[in-house]
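Hi,

Here is the structure I said I would pass on. Have a look at it first, and then read my notes below.

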Amino acid sequence: MRRLSSKLVILLVVALPAIVVLPATAENIDTIYIPGLKLTFADGQIVANPTNVAAIQFMKDEEEVGFAEDDVFANILIKGVPNIPENSPDPVTTSGESGSYIDLLESDTTLLHLPVDQLNVRYTNNSGVKSVTISGIISGEITYDLSGYGLTINPNDTVSIQLVADQLTTYGDPLTGFVSTNGTGHISFTPIPEPSSLALLLSLAASALAVGVYSRRRS
Amino acid sequence: MKAPMRRLQFIIIVAGLIALPVPAAFASVSVDIQITGLDFTYDESQDGSLFDANSILGRTGNSADATRATRAYFYLGGEKAGSSIAKVYVDFLMRGIHNIPKDGGIATTTSTGQQLFGFDLYDQYFNCILSLNLDTVTASYTRDASGPVLQFSFSSGGPSVGVVSQNLPYGLFLDEGQLISVRVSSEGGSVKDIAYDGNYLSSFNTLGGTGAVYGFQVPEPASFAALLIIGLLGLEIGRRIKSRANRNLTRT
């Protein structure tokens with residue numbers, strides 16, 4: 001009986017962290033799309049200040065769970081952007097200077113505030129089709145109010161962003177400035193993991209295995 | 001009678017000069033289409049093909065060969081031309097994208113002139129609203145701390161490649177005489193099942209990428225504007241002749 005209870009304790013000890021640690025499945029990624037994004041680059045800063053966007057689209061597991069197209073704005077400031085060479089195999093990296101951010105707003109409400117650290121910036125010119133891509137991960141304290149759109153962000157989650165500036169008027173070689181009349185933003189993040197039944201079953205199976213191995217060693 | 005005629009000629013010339021810049025302005029109005037929630041696949045072993053996730057086949061008239069995307073947005077001159085359309089279909093294939101460096105970089109292809117098809121967009125009822133043939137492809141691949149971040153950009157344009165058909169909403173009509181470009185991209189966590197062969201990417205899937213088509217509105221409104229201006233001038237001339245005749249009658 002004593003042996004059984006010790007097994008039960010082990011089972012619980014192993015199972016509980018497993019449930020908590022298990023990440024969301026690979027497909028379980030939440031996404032925010034920002035079509036109609038207008039960015040400019042000048043004086044070492046990429047800015048959208050604050051710009052009306054076509055819409056903000058909220059996706060969970062590839063299904064649209066929210067959509068806002070009236071009075072939605074992007075307010076973006078990325079500091080410390082160096083000159084950007086054309087078609088370089090390696091992207092340039094921003095300085096990571098503090099005070100850089102990506103904000104999404106609906107009327108006066110800030111839906112999402114992402115403090116920005118270092119980002120990669122790349123400029124491609126394919127036979128006159130010019131595009132600048134800004135990508136990276138967000139570090140720092142994220143604040144959000146997405147309750148109306150069914151999304152939740154865990155501040156500890158990795159949030160990846162990509163902003164694409166298309167329809168460019170460019171200045172300088174390497175690029176010292178641009179005006180983009182259209183582009184898209186894409187923000188994806190792992191939601192707070194919920195212990196699904198599958199995860200629970202997996203945890204229990206892993207725990208049972210661990211208990212088995214432990215008992216075998218003891219005997 | 002000579003003096004009034006000269007004055008009229010002067011008015012016509014001045015009005016014509018004022019009207020001239022209008023067609024030029026109309027000619028450069030951009031047409032943009034953006035697509036969200038686009039799934040696609042890259043398979044190096046199939047002649048370096050990048051295609052919509054459901055099937056490498058396309059332009060078959062079969063919706064099963066196209067892939068459903070979440071929304072398409074339409075813009076004229078950078079402003080929304082109308083409401084977005086939900087649940088559109090995208091059908092595309094680009095071939096010949098080889099040697100995309102494993103650690104990030106750029107691969108450019110040259111046109112083979114033997115593309116099976118290019119980039120087709122269908123509305124929610126699977127009516128084709130845009131069909132493009134494509135040309136040169138540039139694929140750029142960036143890796144960073146967020147994991148693989150992929151962006152592909154490729155272009156089609158000019159009269160030699162051009163538009164196969166178009167039936168865009170909101171009065172949009174792409175000018176085939178100007179550059180038309182297409183871009184699809186995958187970001188951060190949307191890239192799945194990435195595989196390598198030596199120093200190069202061999203395959204991956206993208207769930208929920210984005211796409212875009214950029215071009216210019218056909219300068220149809222310019223001729224309309226010119227006709228309108230000519231009509232107004234005609235009216236003005238008629239009015240002036242009539243009032244002068246009335247004035248002469250009064251004097252006599």
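This is a predicted model: local features need pLDDT of at least 70, side-chain atom pairs count only at pLDDT 80 or more; totals for chains, interfaces and linings use all residues.

**Notes on the two chains**

Let me start with a side chain in chain B: Arg59(B) is partly exposed, at 30% relative accessible area (buried is under 20%, exposed over 50% and partly exposed in between, with a 1.4 Å probe and protein chains only). Residues are numbered from 1 along each chain as its sequence is written, chains are lettered from A and ligands numbered from 1 in the order in which they are written, and side-chain values use heavy atoms, with hydrogens and water left out.

Back to Arg59(B). Its partner is Asp120(B), and the two make a salt bridge with the closest N and O atoms 2.8 Å apart (the rule wants a side-chain nitrogen of Lys or Arg within 4 Å of a carboxyl oxygen of Asp or Glu). This pair links distant parts of the chain, 61 residues apart: Asp120(B) sits in strand E9 (residues 119-122) of chain B, and Arg59(B) in the loop between strand E2 (49-52) and strand E3 (67-68) of chain B. Helices (H or I, at least four residues) and strands (E, at least two) are DSSP runs, numbered from the N terminus. Asp120(B) is buried, at 0% relative accessible area.

Over all chains there are five salt bridges. One of them is in chain A, where Lys60(A) and Asp30(A) pair with their closest N and O atoms 3.3 Å apart. Lys60(A) is in strand E4 (residues 56-60) of chain A and Asp30(A) in strand E1 (residues 30-35) of chain A, so this pair ties together parts that are 30 residues apart in sequence. Lys60(A) is partly exposed at 28%, whereas Asp30(A) is buried at 0%.

**Where the chains meet**

How many salt bridges does the rule find across the interface of chain B and chain A? It finds three. Among them, Arg183(B) meets Asp166(A) at 2.6 Å, N to O. Another salt bridge joins Arg71(B) and Glu64(A), whose closest N and O atoms are 2.8 Å apart. That pair crosses between chains, from strand E4 of chain B to strand E5 (residues 63-68) of chain A. Arg71(B) is buried, with 11% relative accessible area, and Glu64(A) is partly exposed at 29%.

As for the contact as a whole, 49 residues come from chain B and 42 residues from chain A (contact means heavy atoms within 4.5 Å). The area buried between them is about 3,300 Å², and carbon and sulfur atoms give 49% of that; buried area is the accessible area (1.4 Å probe) that two parts lose on being put together, summed over both. There are also 18 residue pairs in polar contact between chain B and chain A, both residues at pLDDT 80 or more. A polar contact is a pair of N or O atoms within 3.5 Å; within protein, one must be able to donate a hydrogen and the other to accept it, and residues adjacent in sequence count only if both atoms are side-chain atoms. On the chain B side, the elements that give two or more residues include strand E1 (30-43), strand E12 (147-157) and strand E16 (200-216).

**Rings and a glutamine**

The structure holds nine aromatic pairs over all chains. Phe41(A) and Phe178(A) form a tilted one, at 5.7 Å centre to centre and 50° between the planes. Rings of Phe, Tyr and Trp (its six-membered ring) pair if their centres lie within 6.5 Å, with planes under 30 degrees apart stacked, over 60 edge-to-face and the rest tilted. Phe41(A) is buried at 3%, and Phe178(A) is buried at 1%. In chain B, ring pairs link Phe40(B), Phe92(B) and Phe119(B) into a cluster.

Last, have a look at Gln217(B), in the loop between E16 and helix H3 (220-251) of chain B. Gln217(B) is buried at 9% relative accessibility. A polar atom of its side chain lies 2.9 Å from the backbone oxygen of Gly171(B), and the side chain of Gln217(B) also reaches the backbone nitrogen of Phe173(B) at 2.8 Å.

Cheers
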